[in-house]
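Here are my notes on this model, as numbered points. Please read them with the structure open.

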Amino acid sequence: MVRTAASLITLIAMSACGVGGGTATPNPPTVNNADMRDALAEAAAISNAPQTSFSNLPTGSVTYTGQLGADVRGDVNGSILGDLNMNVGFSSNTVRGSVDNINVLDANEMADQRLGGRLILDGVETAGQLDAFASGNLSGVNNSGTTVDTQMLLILDGQVRDDFGRGDAVYGAASGQAEGDLDFDVEGVFYGSRN
């Protein structure tokens with residue numbers, strides 16, 4: 001993920017539709033720059049794992065936990081990092097789950113705040129290929145204490161991977177946009193490991 005020069009939270013303050021003078025307080029961040037470095041390293045490791053062959057795919061339902069990280073550009077610039085919980089139903093060919101605990105990070109990978117809301121996963125699994133949408137309403141607070149909201153819709157395109165064992169990881173691209181008080185593009189990745 002490429003880092004940009006301006007703090008995301010500063011740009012939220014400059015581009016929010018609301019008028020200053022609010023009294024809302026941002027949710028404190030729940031990650032730090034070490035968490036971002038760890039997430040990037042884990043994503044890179046899983047991205048190099050081979051795709052699971054059809055004959056080695058798990059059966060039944062498997063839950064993978066990890067993270068979704070992305071650069072954001074538009075009305076705001078910076079990055080986000082959230083917790084991924086993905087359930088893949090290999091017998092039903094479904095993808096379900098969520099992305100929550102979404103933190104906003106500035107150009108120096110320092111977390112500014114945790115956004116309210118979560119993204120819900122809905123998609124399909126086909127022979128180890130994962131195609132899903134992640135959507136939901138997210139809210140934050142600008143420097144004037146005004147709450148801002150945006151509706152995010154991402155496309156997740158990935159695969160089941162063999163990290164340490166057969167079909168024990170997932171990895172892929174996450175891209176899309178957010179629209180509302182703030183409009184911005186999202187470009188990143190997701191990864192997870194079997195529980």
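1. Terms and provenance. Helices (H or I, at least four residues) and strands (E, at least two) are DSSP runs, numbered from the N terminus. This is a predicted model: local features need pLDDT of at least 70, side-chain atom pairs count only at pLDDT 80 or more, and totals for chains, interfaces and linings use all residues. Residues are numbered from 1 along each chain as its sequence is written, and side-chain values use heavy atoms, with hydrogens and water left out.

2. Layout. The chain has 2 helices and 9 strands. From the N terminus, the order of elements is α-α-β-β-β-β-β-β-β-β-β. Contact here means heavy atoms within 4.5 Å. Take the contacts between residues at least 6 apart in sequence: 62% of them join residues at least 24 apart.

3. Accessible areas come from the Shrake-Rupley method with a 1.4 Å probe; for residues, only the protein chains shown count as cover. The accessible surface of the chain is about 8,500 Å². Carbon and sulfur atoms hold 50% of that surface. Buried means under 20% relative accessible area, exposed over 50%, and partly exposed in between (1.4 Å probe, protein chains only). Of the 195 residues in the chain, 47% are buried.

4. Main core. A nonpolar core is a set of buried Ala, Val, Leu, Ile, Met, Phe, Trp, Tyr and Cys residues joined through side-chain atoms within 4.5 Å. The largest one has 35 residues. Which members touch the most others? They are M86, L119, M152, L154, L156, F184 and V186. At least two core residues come from each of β1 (61–74), β2 (78–89), β3 (94–105), β5 (119–126), β6 (129–141), β7 (147–161), β8 (169–180) and β9 (184–194). In soluble globular proteins, nonpolar side chains tend to be buried together.

5. V186 and the second core. Neighbours within four places in sequence are set aside here. V186 then contacts A70, D71, V72, I80, M152, L154, A174, S175, G176 and Q177. A second, separate core has 11 residues, V31, A43, I46 and Y171 among them.

6. Salt bridge. Lys and Arg count as positive and Asp and Glu as negative; His and the chain ends are not counted. A salt bridge is a side-chain nitrogen of Lys or Arg within 4 Å of a carboxyl oxygen of Asp or Glu. By this rule there is 1 salt bridge. R96 and D122 form a salt bridge, with their closest N and O atoms 2.7 Å apart. R96 sits in strand β3 and D122 in strand β5, so the pair ties together parts 26 residues apart in sequence. Both ends are partly exposed: R96 has a relative accessible area of 39%, and D122 has 42%. Side chains of opposite charge can pair when their charged atoms come close.

7. D162. Look at the loop between β7 and β8, where D162 lies. D162 is buried yet has no salt bridge. R166 is the nearest side chain of opposite charge, 6.4 Å away. What does the side chain of D162 make a polar contact with? A polar contact is a pair of N or O atoms within 3.5 Å; within protein, one must be able to donate a hydrogen and the other to accept it, and residues adjacent in sequence count only if both atoms are side-chain atoms. The partner is the side chain of T52, at 2.6 Å. A polar atom of the D162 side chain also lies 2.6 Å from the backbone nitrogen of G167.

8. R161. This residue is in strand β7. R161 is buried and has no salt bridge; D162, the nearest side chain of opposite charge, is 8.8 Å away. Beyond four places in sequence, R161 touches residues including I46, N48, T52, G167 and Y171.

9. N101 is partly exposed at 22% relative accessibility. A127 is partly exposed at 40%.

10. Q129. Strand β6 contains Q129. Its relative accessible area is 23%, so Q129 is partly exposed. The C-alpha atoms of Q129 and D157 are 7.7 Å apart, across 28 residues of chain. A polar atom of the Q129 side chain lies 3.0 Å from the backbone oxygen of G158.
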